[in-house]
Amino acid sequence: MKIEVKKFKNLSVEEIYEILKLRSEVFVVEQGCIYQDIDGKDKKAMHLMGKKNNEIIAYTRIFDSGDYYELPSIARVVVKKKTRGKERGKEIMKESIKYIKKNLQEKTIVLSAQKYLEKFYKDLGFIVEGEEYLEDGIPHQKMKLKN
């Protein structure tokens, strides 16, 4: 998997389409959650795309301090269903963490994790912070990575 990082304005029309399609496939259709994915925040984010054979199979978006949370954050972590079980999620997350540390020069990262993925994020070094909460009807947990 090849990782590409782009600002919103540098994404091609095809990349934007593929990103929104992947997010919709997983977060809306697969998880049965009707919510507004196009939230106006993509324009502030850096977009990390994991591509294989020119197809986006993994994705995250990264926000600088103050753009989403008080600290840099990683959001919309998603892996195409047919490519799961091959460590693509960990790979894109490790690259996202590395990007933040190198480019935003911040050691602490926050995210809002779906509760069922808590172990996945713990394996990457994140720790639970605060109480569980509902976001779009799905249990979530705020998590932090401190290095």
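Q: What should I know before reading the numbers?
A: This is a predicted model, so local features need pLDDT of at least 70 and side-chain atom pairs count only at pLDDT 80 or more, while totals for chains, interfaces and linings use all residues. Residues are numbered from 1 along each chain as its sequence is written, and side-chain values use heavy atoms, with hydrogens and water left out.

Q: OK, rings. How many aromatic pairs does the structure hold?
A: Four. Rings of Phe, Tyr and Trp (its six-membered ring) pair if their centres lie within 6.5 Å; planes under 30 degrees apart are stacked, over 60 edge-to-face, the rest tilted. One of the pairs is Phe63 with Tyr68, tilted, at 5.0 Å centre to centre and 55° between the planes.

Q: Is Phe63 buried or exposed?
A: Phe63 is buried, because its relative accessibility is 0%. Tyr68 is partly exposed, because it comes out at 26%. Buried means under 20% relative accessible area, exposed over 50%, partly exposed in between (1.4 Å probe, protein chains only).

Q: What sits over the ring of Tyr68?
A: The charged end of Lys41, 4.0 Å from the ring centre. To count, NZ of Lys or CZ of Arg must be within 6 Å of the ring centre and within 35 degrees of the ring normal. Ring pairs also link Tyr68 with Phe63 and Tyr69 in a cluster.

Q: Switching to the core. Which residues touch the most other members?
A: In the largest nonpolar core, which has 20 residues, those are Ile62, Ile74, Met93, Ile109, Leu111, Tyr121 and Phe126. Such a core is a set of buried Ala, Val, Leu, Ile, Met, Phe, Trp, Tyr and Cys residues joined through side-chain atoms within 4.5 Å.

Q: Which element gives the largest share of this core?
A: α2, with five residues. A second, separate core has 12 residues, including Val26, Ile56, Tyr59 and Val78.

Q: And α1, which residues are buried there?
A: Glu15, Ile19, Leu22, Arg23, Val26 and Phe27. Their cover includes β1 (2-7), β2, β3, β4 and β5. Helices (H or I, at least four residues) and strands (E, at least two) are DSSP runs, numbered from the N terminus.

Q: Where is the kink in α1 centred?
A: On Ser24, at about 30°. The bend at a residue is the angle between axes fitted to the seven residues ending there and the seven starting there. Just after α1, Gly32 has a positive phi of about 60°.

Notes:
Contact = heavy atoms within 4.5 Å.
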